[in-house]
Amino acid sequence: MGSIFNKEALLSRLEGDEELAQAVVDVFISDFPRQLQALREAIENGNTKDAIRYAHSIKGASANVSAERLQAVALRLEKILKDGDIVSALENLPNLEEEFKKFAEFIKNPDEEL
Amino acid sequence: MKNPPLILVVDDSKTDRLIIGNVLKKEGFSVIFAEDGLKAIEIALANQPDLILLDVVMPKLDGYKTVKLLKKRTSLVDVPVIFLSASDRLEDKVKGLDLGGVDYITKPVQSAELLARIRVHLKIKEYIERLQFLQREQLKNIEIVQRSILVKPEDVPKAGFAVYYNSLTGAGGDFYDVVEIGDNIYGFFLSDVTGHDLKAAFITSALKVIIKQNFNVINTLTDLFSSIQNILCPFMPEGMFLSAAAMKINRNTYNINYITAGHPPILIIDRNRNVKMLKTEADLLCAFSNASLSEHSGVFHKGDRILIYSDGLLEHENSKHLNIKQSIELIAMEAVKLWDLPLNLFVNRLVESIIGDKSNQKDDITLLAVEL
């Protein structure tokens, strides 16, 4: 399923720019709650089209920071939504939130075992 | 191309804007951002970027719809658009390229790949701009040469003519000439070569030489057109031909010989505002190896006005709903209305009243008027 945070992959994409990598991760973490909220509202309102787009951008943003597990969960959610399975999507939302928490925690304390 | 090149990044994702913006700025590019397709169009129109990076999945207007709208604007049609997308499906890439994208980069973006692709497309853009500049310069030079071979009314004042000449691109396919061929006898020639590029411009130069050598007292108009057929046509590129009209006017007797080949009819308007159309049944020159040629003649009166013109005066924005016959009638009608004006004013007003705004012009326009 990949790692919580694949720092090597991120740095390699950014040509080793540590400062930029840190900035991207910070922006991602501060922006994520808003994105999650938008996705939740779209799912709860049954607005599948918007929900797919939000899941897609969460997947993209996760890929940008090499949050591999989070990216995988977002991808699964996007697929579920594309199948039109709103109930399943609602059930999967907490997983997404859970994975994000793990990611944010890992960034804060990278040395702790999770 | 701006220096440094200006790149518009269109992406609804904050992290993508941050990564791409930083990578580009670090390499010295100027960067502007838009968060959706609608804003992208607005910003692109206002800032004229050198290249656009365009995300596919976005709110409001997605990347595919955005590129379609961008490519409709003449100021933006040549700006290279590179798509950014998380999808690496072949059909998505092909769709992006079909719609006018020059490249496609899959997300998450690798900074090295992004920079390499941007550099390639900026280089191509620079080459295209340089090529376009050189072509424009070349056309300008041709225009100067062409204008210098076009005779002005003051060069042959006794011929009694006025002319309107406007080439669409600089290197025109229209050509006219007025020569003194005897005591008070003048030759008038007007032709329209298909196309208005460099080839057409060289052909008009060749026509100038042929007319100088062959438009004289000895040769008939039929001889003149035969000379064009025999001398020029063998050298014409495949698929190029010309229409032409010529007159020999004897200002002592008001006798006029005339010939037209695949050309709109010559119009004669007398003092009583009666209109006559003069035309001979000959095909376009150089279109057929054995075009049959014959000239006619008639005697007219002092004060009559004679118009020869290229078909740019027949085919323009205002003539969209007219057939050729109606377009010719329109010229005759307007000419009758403006008949009282002095000849040089008459030709300019006549073109103006027929075409309207210059932007309606679709082809080179030449109108030559002679007063007997």
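Tutor: A term to begin with: a salt bridge here is a side-chain nitrogen of Lys or Arg within 4 Å of a carboxyl oxygen of Asp or Glu. Keep in mind that this is a predicted model.

Student: How close are the N and O atoms of Arg40(A) and Glu97(A)?

Tutor: The closest N and O atoms of that salt bridge are 3.2 Å apart. Arg40(A) is in helix α2 of chain A and Glu97(A) in helix α5 of chain A, 57 residues apart, and the pair links distant parts of the chain.

Student: Is Arg40(A) buried, exposed or partly exposed?

Tutor: Arg40(A) counts as partly exposed because its relative accessibility is 23%, and buried would need under 20%. Glu97(A), at 30%, is also classed as partly exposed.

Student: How many salt bridges over all chains?

Tutor: The count comes to 27.

Student: OK, chain B. What does Asp16(B) form a salt bridge with?

Tutor: Its partner is Lys107(B), with the closest N and O atoms 2.9 Å apart. Asp16(B) lies in helix α1 of chain B and Lys107(B) in the loop between β5 and α5 of chain B, so the bridge ties together parts 91 residues apart in sequence. Asp16(B) is buried, at 2% relative accessibility, and Lys107(B) is buried at 14%.

Student: Which residues are linked with them in a network?

Tutor: Asp11(B) and Asp55(B) join Asp16(B) and Lys107(B) in a network of salt bridges.

Student: And what about Glu129(B) and Lys125(B)?

Tutor: Their side chains meet in a salt bridge at 2.9 Å, N to O. Both are in helix α5 of chain B, and because they are 4 residues apart, about one helical turn separates them. Glu129(B) is partly exposed at 27% relative accessibility, whereas Lys125(B) is buried at 10%.

Student: Switching to cavities. How many of 30 Å³ or more are there?

Tutor: The search finds 2 in the whole structure.

Student: What lines the largest one?

Tutor: Residues of chains A and B, including His56(A), Ser57(A), Asp11(B), Asp16(B), Asp55(B) and Lys107(B). Helix α3 of chain A gives the largest share, 4 residues. By class, the lining has 3 nonpolar, 4 polar and 5 charged residues.

Notes: Residues numbered from 1 in each chain as written. Chains lettered and ligands numbered in written order. Predicted model: local features only at pLDDT ≥ 70, side-chain atom pairs only at ≥ 80, totals over all residues. Heavy atoms only, no water. 1 Å grid on protein atoms, 1.4 Å probe; cavity = no way out; pocket = protein on both sides within 12 Å on 5 of 7 lines; lining within 4 Å. Points joined across faces, edges and corners; volume = space filled by probe spheres on them. Helix = DSSP H or I, 4+ residues; strand = E, 2+ residues; numbered from the N terminus. Nonpolar A, V, L, I, M, F, W, Y, C, P; charged D, E, K, R; others polar. Buried < 20%, exposed > 50% of the residue type's maximum accessible area, 1.4 Å probe, protein only.
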